[in-house]
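Take a look at the chain below. This report walks through a few of its local features, one at a time.

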Amino acid sequence: MQAQTQLRVTQVSHALANQVGGLFSNIDDAALRFGSVYAKDPDYALTHLPSFFALTSANQAISQVALANPQGIVTYSSLAPHGQPQATISIADREHFRVHAQGQVDGLYIGVPVKGRVSGQWTIQLSRALQRNGHFLGVVVVSIPSDYLAGMFQDVFNQPHDVVELRRTDGRFLARTLDTEQALSQSTPSPIGIETGPETTDHSRPATGASVQTSPLDHIQRFYAWATVPQFEVQVIAGVDQRAVLAPLEASIQKNLVLSALGTGLGLLAALLLLRFSQQRHRMFNHLHLVQAQLMALIARFPGGVVLENPLEHTSVTINPPLAQLLQLPETLKIQHDDLKNRIPAELREVLLPQAPDAEIPQGQEVALADGRVLEVVQFLLQSPHVAAGQALGRLSLVQDVTARHQHQSMLEQLALTDALTGLPNRRAFMQALEHECTLVTTQKAPDAALVFLDIDHFKKVNDTYGHSVGDEVISHLGHLLRQGLRTSDIPGRIGGEEFAVLLPKINLGQAQALTERLRQSLENNPVPTSAGPLVVHASFGVYPITAQTADAAQCLHRADMALYDAKNNGRNQVRTWHPGLQPR
């Protein structure tokens, strides 16, 4: 009875730890994406701050998102009208701000619960530092009500004296389903007391484990099991009331001893014993069914897909509705192992249902499906101290659709490599293409190429006369002409300001000069349609041939620039080619 109960508590603690880890990971991903955009464009990031967290599956758990500057002053709060606090609020003295301001934490930090002065509600503070080029810009803080986590745990452990706790690894309570106010009000870390007893002050312990201990809060002895979420340094501790589990059996033993002492007759005693043990057996099985139902409720409510393989059930597998929807499976909690294997995509089959059930399991493996979706699979083997060493209790697989996260990352990468005004590759992206082409030419995997460097003549005069908005129209027009006048294999890019460059692969010098002259004439013959009226604009061009002997990206750009300024010095609006006699400008 004790071993079976401990096994179920261990399974539930693992599953809840993964659920908490998934919740915190979603919030951390959103905070990381916001920080990346905030470092480049603070105004845009602040305007769209709620949308960074609205897309996560943790959206319902978030009660507030706030932003504090480097001095700890709150400059944005999702609870304030239009995000602007009505009064000056400082969190400079709060732990979740100090650890980032002092550089003690690199990543998401789980702060101690804070009780609202007005609402009286306890909230957990999840914070991440904002940085640009190594400089501290402030902190983004996400608040989660402790009651939200306690309610999530209560759905699984709802018996009167069963408890689920969420703690940091230093012992500080974050949430508890029983005696919440007493637990969260503790101002100093409380020893967890599962591994070595309630009086210890040593918080180091294995990542998972189980024991029987008496709680120092309510003095109830329970079967406990804990599982750690290592990336966030928190632990989920689940406990089942030992007395409620064993009381029927202990009462039966006591009654049987009394009956034996009375000696009322072997026949009558045997009949009474059989009847009593039958009743106790029925009650124990009822309790095991209750624990099983709790585990099934957790699996059904889990926001991502779940696959649970039990070594005692070789032919069937437990799944939940989100997995059925994700992979278009039958809406059932039980499915035949072979049926599941035949229905899931081939690229997911070996990851989700490996042939060696006790093999090493890669954590957080991503699988790209043929339909364009990307799924993340996290797996672990369930272990218990009450089972023989090396023998697994089963395999738990968590499946989530991370396609949106991949698409968002791709969009950010594209923005980082594209010039916003012209839509052309920016200097970073162009230099990557140039270095790649130089490598191909050097290794003779591609024929000779050419590099063209161009600069708009008298561009400062355009800005001074008509304003920078007209100057932007001129630059945008030149980018449009470059895309129209080049081959599909050519790569134009905006290097900076009014300077552009064009990479011409697989071309000889004569062809490159002729193509460049056509570009010059196209700019000269097509006035720019600006808000100030049509403007005739010219540009100077420098050409440099790229060969196997000269294919160095930095040197190519430098020599094309020398040719460009040779065109500038000889009257502008012309094409000049680099030659050894040119001097650096």
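Leaving aside its neighbours within four places in sequence, which residues is Pro248 in contact with? The model is predicted, and in it Pro248 touches Gln280 and Arg283, once neighbours within four places in sequence are set aside.

**A proline in a helix**

Pro248 sits in helix 7, which covers residues 242-262. Pro248 is partly exposed, because its relative accessibility is 23%. Met284 lies 36 residues away from Pro248 along the chain, yet the C-alpha atoms of these two residues are separated by 8.2 Å.

**Aromatic pairs**

Next, the rings. How many aromatic pairs does a search of the whole structure find? The search finds five aromatic pairs. Two of them are set out here.

| Pair | Distance between ring centres | Angle between planes | Type |
|---|---|---|---|
| Phe34 and Tyr38 | 5.6 Å | 35 degrees | tilted |
| Phe97 and Phe136 | 6.1 Å | 65 degrees | edge-to-face |

Start with Phe34 and Tyr38. Both residues belong to helix 1, residues 2-40. They are four residues apart, which is about one turn of the helix. Phe34 and Tyr38 are both buried. Together with Phe52, they form one aromatic cluster.

Now take Phe97 and Phe136. Why is this pair edge-to-face? The planes stand at 65 degrees, and planes over 60 degrees apart count as edge-to-face, so the pair falls in that class. Phe97 is in helix 4 (residues 95-101), while Phe136 is in strand 6 (residues 135-145). The pair therefore ties together parts that are 39 residues apart in sequence. Phe136 is partly exposed, with a relative accessible area of 23%.

Cys438 is in no disulfide, and its nearest cysteine sulfur belongs to Cys556, 4.2 Å away. Cys556 is likewise in no disulfide, with the sulfur of Cys438 as its nearest cysteine sulfur.

Where do the two cysteines stand on accessibility? Cys438 has a relative accessible area of 3%, so it is buried. Cys556 is buried too, because its relative accessibility is 0%.

Key. Residues numbered from 1 in each chain as written. Predicted model: local features only at pLDDT ≥ 70, side-chain atom pairs only at ≥ 80, totals over all residues. Heavy atoms only, no water. Disulfide = S-S within 2.5 Å. Buried < 20%, exposed > 50% of the residue type's maximum accessible area, 1.4 Å probe, protein only. Phe/Tyr/Trp six-rings, centres within 6.5 Å; stacked < 30°, edge-to-face > 60°. Helix = DSSP H or I, 4+ residues; strand = E, 2+ residues; numbered from the N terminus. Contact = heavy atoms within 4.5 Å.
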